[in-house]
Amino acid sequence: MIEQKQQEIIEEFAFFEEWMHKYEHIIELGKEMKGLTEEEKKDDLLVAGCQSKVWLKASLEENGTVKIEADSDAIITRGLVALVVSVFNHETPHEILNANIHFMNDIGLVSNLSQTRSNGLAAMVKQILLYATVFQAQQKSN
Amino acid sequence: MDNDTLQHKMRELKTQFPALNQTVYGRPLVYLDNAATTQKPQRVIDSISEYYSKWNANIHRGAHYLANASTEKFEATRSALAEMLHANFREEIIFNQGSTDSVNMLSTILENEVEEGDEIWVTEMEHHSNFVPWQMLALKKKAHFRYIPMLPSGEWDLDYAKNEITDRAKIVAFNWVSNALGTVNPIEELIRLAKSAGAYVVVDGAQAVAHFDINVQTLNCDFFLFSAHKMYGPTGLGVLWGKKELLEKLPPYRYGGEMIKKVSVTGTTFNVLPFKYESGTPNIEAVIAFNESISFCKEVGRENMHAHEYFLLKTATERLKEIERMTVYADIPNKVGVLSFNVEDIHSADIGTLLDQQGIAVRTGHHCTQPLWEKLGTTGSVRASFACYNTVEDVELFIAALNKSVNMLR
C-alpha cells in the first residue's frame, strides 16, 4: 500500500513541467492539510528542524494501524509534511518499518532525505519509524 | 571615484570568480550568501592547486628543498597579515581553524585570568561562536555572564554599556559587524570603555575583514580574530592576532608537536610565538593561498568594495520596501551590504526555498544569533548579503525573484 501511494504521488508530480507549478501544488497541499491545533504545537511534539519546525503526533488505532498527524510553521515544509503523512498514515507498524521511501527523490523535491536536516523532514520520517517500532512491540506483547 | 566609475571597475571582478559563472536549476546563479562565505577568485584556486602540484611538504621541520619552499610561502602569508593588520610583530599572528576556533582558544587560555564574581561581557547581537564559549567560561569560573543589550534599531545600547561596565569586567568580547543584520558597531568607543575598565578586549572581525581596513594599533584591542573564507580566502583557516606580551604570558592551548621546545619524560618546555599556539600540521595550502586573497583585497581596495556593496545595499533596500508588509531589520546608515528582512505571515524558509529555485542563493533562519532574534520578537529572517563581485543586475534578479516568491506564498 505504501508503495502504491508513493507511485500515485510520483504520477501526480509528473504532470508539472515547471518548478513553479510543482511548488504551487506543494503550497496548496500545505494549505489544505488539517494539521495540529496551536495547543498541540508544543515542544513535546516537536521532532526537529533548524529553519522550519515540524511537529508530529502518532497513535496506534484499534484496527492495528498507525494514525499520523503533523504540522510545520513553514508552508512549503507543511506541504511536504502532508505528503509524508499521506504515505504513512493508516498503515500498520509492520508496513511502515518495511517500506522503502523513495518518492521525495523521485519527484525531485528533496534529493537526499537523510541529509536534509534543515527542514525537519528527515527527523520526521525517523520519528515515524521510531513510533512504528514501539507500536509493533506493543502489538507483539498484547 | 564617482559611482559610475566604481560600478564599471567592480563589474570586471565577477569574471575572476569561476563559481559565479554557472547556472543552477537552469538559471544563472546569483550568489547573495556572502556573509556566510565568499566565493574564491581564480588566483586563490590556482594557488591551492599549485601548492599540491609543486610545493607540498610539511613546514618548519624538514631539511630539504620542498620543506624550505613551503615554509617560506607559509610564512610569507604571516608577514602579509602582519602588514594588513598593522601588527607590531609578525609572531603576533596565529593561524588556526577559524573564528570559532579563535574564541574557543581565547576562552580557554584566559581561564586563569577570571575569578569568581568577575564579569564577562558580550553583546546581545553576537554570533553564537562569540557568545557560548564565554557563557561556558563564566559558568565554569562562577563569573557573571553579562551582555550589552541591542536596541530595536539593531544597534548597541552604548549608554547601558557606559553605566554598567566597571572594573569588575574581566573580558569584553564583541563583533565589529553583525552577521545577522550588517550593523557596523562603534567598536572604538566600546574598546575605550572596556580598556579603561581594565578588561581584556576581544574583537570578532569575521564580518568586517572584507569591508574595512584594519589597524590593530589604533583600535587598541587585545585580540582580533577573523576567518579567511569571509574575505575571498580558503575555508578552514582562522587568523588570531593578539598583543605579544599577552600571548607570551598566557598558557598554551593545544599540546603536541611544533609547539614544544624540549620534551623529556620529566617535563616539557614550550616553543616561542607563534608556534606555541600552532601545534600539529596546519592547513598549509589554505595559509599559502590566503596570501592571494590578501593581495586581491588590497588591489581592489576595501574602501571601493564597501562603497560598491553599500550602493547595492541601498538600491536593494529601496526596492525591497516597495513590497507590502515588509520588515527590513536594522534599516540604519551604519551598515555593510547585509539585508535582513521578513515578509509578514510568510516563513523565511519558504522564501529561501523559492528564491533558490530561481537561482538566488540567500540564507534563511536565525543565522546563529538566537538572542538577537528573540530581542526583535521573531526567530529569524531572510538574509541577502553582497560582496564586491555582485552587480546591480544581481539586485534586479533578486528583487524580481523575491516578488514572484512572495506572490506564490500569499
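**Notebook: strands and sheet of chain B**

I began with strand β9 (residues 223-227) of chain B, which pairs with β10(B) in the antiparallel sense over five bridges; strands here are DSSP runs of type E with at least two residues, helices are H or I runs of at least four, and both are numbered from the N terminus. I count two strands as paired if DSSP finds at least two bridges between them. Within this pair, B:Phe226 stands opposite B:Val239 of β10(B).

I am working with a predicted model, in which local features need pLDDT of at least 70 and side-chain atom pairs count only at pLDDT 80 or more, while totals for chains, interfaces and linings use all residues. Residues are numbered from 1 along each chain as its sequence is written, and chains are lettered from A and ligands numbered from 1 in the order in which they are written.

I then looked for another partner of β10(B) and found strand β4 (residues 93-96) of chain B, joined to β10(B) by four bridges and running antiparallel; here B:Ile93 stands opposite B:Trp241.

Is β10 of chain B buried or exposed? Five of the five residues in β10 (residues 238-242) are buried, where buried means 20 or more other C-beta atoms within 10 Å of the residue's own, exposed means 12 or fewer, partly exposed lies in between, and C-beta atoms are placed from the backbone. B:Gly238, B:Leu240 and B:Gly242 point one way, whereas B:Val239 and B:Trp241 point the other way. In a regular strand the side chains alternate between the two faces of the sheet.

**A four-stranded sheet**

I next traced an open, antiparallel sheet of four strands in chain B, in the order β13-β14-β17-β16. Because β13 (326-328) and β16 (363-365) stand at the edges with a single partner strand each, one side of each is left without a neighbour in the sheet. The twist averages 25° from one strand to the next, with axes fitted to C-alpha atoms (for helices over the stretch in contact) and angles running from 0 to 180 degrees between N-to-C directions.

Inside this sheet, β14 (residues 338-343) and β17 (residues 381-385) of chain B are joined by four bridges, and B:Ser340 stands opposite B:Arg383. Helix α11 (residues 302-320) of chain B lies across β13, β14 and β17, at about 10° to β14(B); contact means C-beta atoms, placed from the backbone, within 7 Å.

**Chain B overall**

Finally, I noted that chain B has 14 helices and 17 strands, and that buried residues make up 50% of its 410 residues.

How values were computed:
Contact = placed C-beta atoms within 7 Å.
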